[in-house]
Amino acid sequence: MELKKRLSSCQFQALAYLKSITCCSTGRIHACKTVTSNLMYTDTEMSHTSKVKLMKTFRLDAVHVHMPVALSQSFKHNRRTTMNPLHEAHQRLLRQQPLFSQLKPDQMALIIQASQVRHLSKGQFLFKKGDVPTHFYVVFSGRVKLNLLSEFGDEKVVTIIEQATTFAEAIILGSVPFCPLNAEAMEASEVICIHAATYRDILSQSPQACFQTIAQLSKRLHWMIGEIDRLTLRNATYRLVHYVLEHSHSSEKTVDTPKAVMASRISVKPETLSRILKQLQDQSLLETDGREIRILNEPELKAFLSTLD
């Protein structure tokens with residue numbers, strides 16, 4: 001409460017940007033240009049004088065962020081996560097993953113022993129770009145978005161990781177010196193963190209598990225090639241319809257993704273997204289209710305997508 005009295009909402013937004021480009025462990029800025037230059041573009045509602053004052057208050061330089069104790073503790077509290085051992089439901093989900101389908105019981109026991117569950121609140125980072133990776137992950141509940149943040153605070157959502165999906169598997173091969181993306185919880189989430197070195201040791205003893213890992217990474221590569229095709233060779237309407245069909249859940253055929261996140265994910269402006277949604281609603285293919293999108297006629301929507309191909 002004392003911190004809120006000292007800082008305005010736009011100052012908090014500026015500090016959120018600083019937090020997003022700062023490594024949790026080292027305090028180093030993940031941007032090449034000076035923080036002063038970046039911060040000047042963070043919030044248009046914040047005057048130049050206020051930004052300069054903020055810079056002086058937190059003693060920012062081009063390499064490190066120096067925060068007062070109260071603010072530092074506030075950020076530490078916001079980053080705090082709960083790490084727990086795996087329960088039976090977590091273990092069951094791990095055993096169902098293709099990466100572990102070829103493991104022997106004793107090997108699976110080693111994986112479970114070397115894994116933990118991390119509880120994230122909405123907006124909390126699992127890892128940040130530039131962090132040294134040590135784990136790969138499975139989303140047990142909730143959703144995690146992988147994103148990039150520009151030096152001006154603009155977000156590009158690369159993909160959204162849904163429940164029961166693995167990600168960051170490239171670290172298994174030990175060829176990733178630092179995280180190339182941020183991983184941020186879109187809602188309260190539980191993520192199973194699997195120690196990569198432990199799994200790598202098991203791979204050295206199991207050719208079958210190696211083939212499964214290669215197959216998983218190959219699937220991810222094929223998906224990325226398809227994503228490049230959609231983002232570069234397809235129009236905005238195609239990208240939106242494809243996203244809705246790919247991410248609709250349950251028999252109700254709904255997509256529950258914030259519009260701003262969806263727009264960033266398919267690389268369109270929010271106003272373009274709204275215009276296309278209105279056109280699809282007029283054709284009785286979709287309907288929207290807040291941030292929820294519901295498919296009204298899936299066969300017709302798929303047929304419409306084929307006309308855009």
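Two strands count as paired if DSSP finds at least two bridges between them. By that rule strand 11 (residues 286-289) and strand 12 (residues 292-295) are paired, because four bridges join them, and they run antiparallel. The model is predicted. Its chain has 309 residues, of which 44% are buried, and its secondary structure comes to 13 helices and 12 strands. Among contacts in the chain with a separation of 6 or more, 71% are between residues 24 or more positions apart.

**Hairpin of strands 11 and 12**

- Within this pair, E287 has R294 of strand 12 as its bridge partner.
- Two residues lie between the strands of the hairpin.
- G290 takes a positive phi in this hairpin, near 70°.

- Most residues other than glycine have a negative phi.
- S267 is not a glycine, yet its phi is positive, at about 60°.
- S267 sits in the loop between helix 11 (259-265) and helix 12 (270-282).
- The relative accessibility of S267 is 37%, so this residue counts as partly exposed.
- S284, also a residue other than glycine, has a positive phi near 60°.
- The loop that holds S284 runs between helix 12 and strand 11.
- With a relative accessible area of 45%, S284 is partly exposed.

**Strand 9 and its partners**

- Strand 9 (residues 189-195) is largely enclosed by the rest of the structure, because six of its seven residues are buried; buried here means under 20% relative accessible area.
- Strand 2 (residues 115-120) pairs with strand 9 in the antiparallel sense, over six bridges.
- In that pairing R118 has V191 of strand 9 as its bridge partner.
- Strand 4 is also joined to strand 9 by six bridges, and these two strands run antiparallel.
- Y137 stands opposite C193 in strand 9.

- Strands of a sheet pair through backbone hydrogen bonds, either parallel or antiparallel.
- Strand 3 and strand 8 (residues 182-185) are antiparallel and paired over two bridges.
- F125 stands opposite E184 of strand 8.

- K128 lies in the loop between strand 3 (125-127) and strand 4 (135-141).
- K128 counts as buried because its relative accessibility is 1%, and the limit for buried is under 20%.
- The C-alpha atoms of K128 and E184 are 8.3 Å apart in space, while the two residues are 56 apart in sequence.

**Helix 7 against helix 8**

- Two packed helices are described by the angle between their axes and the distance between the axes.
- For helix 7 (residues 105-113) and helix 8 (residues 196-203), the angle is about 165° and the axes are 9 Å apart.
- Angles over 145 degrees count as roughly antiparallel, and helix 7 and helix 8 are therefore roughly antiparallel to each other.
- The crossing of helix 7 past helix 8 is right-handed.
- Helix 7 contributes Q107, L110 and I111 to the contact, and helix 8 contributes T198, Y199 and I202.
- By class, the residues of this contact are four nonpolar, two polar and no charged.

**H247 in helix 10**

- H247 belongs to helix 10 (residues 236-247).
- H247 is buried, with a relative accessible area of 10%.
- Apart from neighbours within four places in sequence, H247 is in contact with E162, T254 and V255.

Key:
Residues are numbered from 1 along each chain as its sequence is written. This is a predicted model: local features need pLDDT of at least 70, side-chain atom pairs count only at pLDDT 80 or more; totals for chains, interfaces and linings use all residues. Side-chain values use heavy atoms; hydrogens and water are left out. Axes are lines fitted to C-alpha atoms, for helices over the stretch in contact, and angles run from 0 to 180 degrees between N-to-C directions. Angles under 35 degrees count as roughly parallel, over 145 as roughly antiparallel, 65 to 115 as roughly perpendicular and the rest as oblique. A crossing is left-handed if the near helix is turned anticlockwise from the far one by less than a right angle, and right-handed if clockwise. Contact means heavy atoms within 4.5 Å. Ala, Val, Leu, Ile, Met, Phe, Trp, Tyr, Cys and Pro count as nonpolar, Asp, Glu, Lys and Arg as charged, and the others, Gly among them, as polar. Buried means under 20% relative accessible area, exposed over 50%, partly exposed in between (1.4 Å probe, protein chains only).
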